[in-house]
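Here's a quick tour for anyone meeting this structure for the first time. Have a look at it first, then read on.

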Amino acid sequence: MIRIRSIARAAAMGGLLLLAPAAEAEVPANGKAYLDAAFASVQSLLRLYDGKPTLPRLSDPVDGKVLADVWNLPAILGTPPYAAPDLALLLEFIQKQTQILQVYALFSPEPGRKEPDQAANAVEFQDELSHARVFLLRAAGGALSAINDFSFRLKDDEKTEERARGLREMRLGLQEIVVGSALALRDPGLTDANRLLIAGAFAENAAGIAAALAPPDRNALVGALQAVRPSLRPEAQKAISDFATAVASAPCEGFCLVN
């Protein structure tokens, strides 16, 4: 399960932290407006399911279009790399997407009377959860890259312990997202298609994910993915191998050097 405590607290410190020199952002200019509208549509859709024994599904010809819109990577996130000016917005995107993921992961047909069966939900709603994880991997990788860029832009008198602590908290919350997706690959109920979707997202975002992670955390993440690799189909195995290779060759500089 993803915990958003660290991310939420770090995002609240955005005004304090984001004092680096201005630069052009890489997130599309209308990315926030697009996600805000798509997120509002998903919230409205979810309200229609209050009291029902299930949730909106990607496979539904109508509901699926609403859900697909909130996970539209090109429209919302554009293409990496991301820089320091993108950080606050990426954290906001992550918070919204995490809320959607948690709706599916913590679903109960009898809220307040029956505890969520997270293991069953992970299988039943795996299409929706997998798409949410792919988005979160891109956004988390982007935010980690932006943290690293932010650290390079700081002047000596801006490198305060309070700011460093806030950045470490951000990094911890983002690591939880990445590790959660790695653990999701272990679920034997996950289809090969969804495993490939998540494994591919790791490979595509390897550079960003590795950017601000300290070497021990990089090694632990690669080890967790390599452990599940034998259970994957060849295409997904290749994606994990590509991720491991990219992380191994990624330079460790900037915030990567901060434990």
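The torsion about the S-S bond of Cys252 and Cys256 is about -105 degrees, so this disulfide is left-handed. A disulfide here is a pair of cysteine sulfur atoms within 2.5 Å, and that rule gives a count of 1. Keep in mind that this is a predicted model, where local features need pLDDT of at least 70, side-chain atom pairs count only at pLDDT 80 or more, and totals for chains, interfaces and linings use all residues. Residues are numbered from 1 along each chain as its sequence is written, and side-chain values use heavy atoms, with hydrogens and water left out.

**The disulfide**
- The sulfur atoms of Cys252 and Cys256 sit 2.0 Å apart.
- Cys256 is buried, at a relative accessible area of 0%, while Cys252 counts as partly exposed at 29%.
- Buried means under 20% relative accessible area, exposed means over 50%, and partly exposed is in between (1.4 Å probe, protein chains only).

- Helix 8 covers residues 126-153, 28 residues in total; helices are DSSP runs (H or I, at least four residues), numbered from the N terminus.
- From first C-alpha to last, helix 8 reaches 40 Å, close to the 40 Å expected, where the expected span is 1.5 Å times one less than the number of residues.
- Because 23 of its 28 residues are buried, helix 8 is largely enclosed by the rest of the structure.
- The largest nonpolar core has 70 residues, and Leu77, Phe202, Leu221 and Phe243 have the most contacts inside it.
- Helix 8 gives this core its largest share, 13 residues.
- A nonpolar core is a set of buried Ala, Val, Leu, Ile, Met, Phe, Trp, Tyr and Cys residues joined through side-chain atoms within 4.5 Å.
- Leaving aside residues up to four places away in sequence, Leu77 touches several others, including Tyr82, Phe93, Phe135 and Arg138; contact means heavy atoms within 4.5 Å.

- Thr191 lies in the loop between helix 9 (161-184) and helix 10 (192-204), and is partly exposed at 35% relative accessibility.
- Thr191 and Val123 are 68 residues apart in sequence, yet 8.7 Å apart in space, C-alpha to C-alpha.
- Helix 10 has 13 residues and reaches 18 Å from its first C-alpha to its last, close to the 18 Å expected.
- Among the buried residues of helix 10 are Asn194, Arg195, Ile198 and Phe202.
- The cover over the buried residues of helix 10 includes helix 8, helix 9, helix 11 (206-211), helix 12 (215-228) and helix 13 (234-249).

Methods: Helix = DSSP H or I, 4+ residues; strand = E, 2+ residues; numbered from the N terminus.
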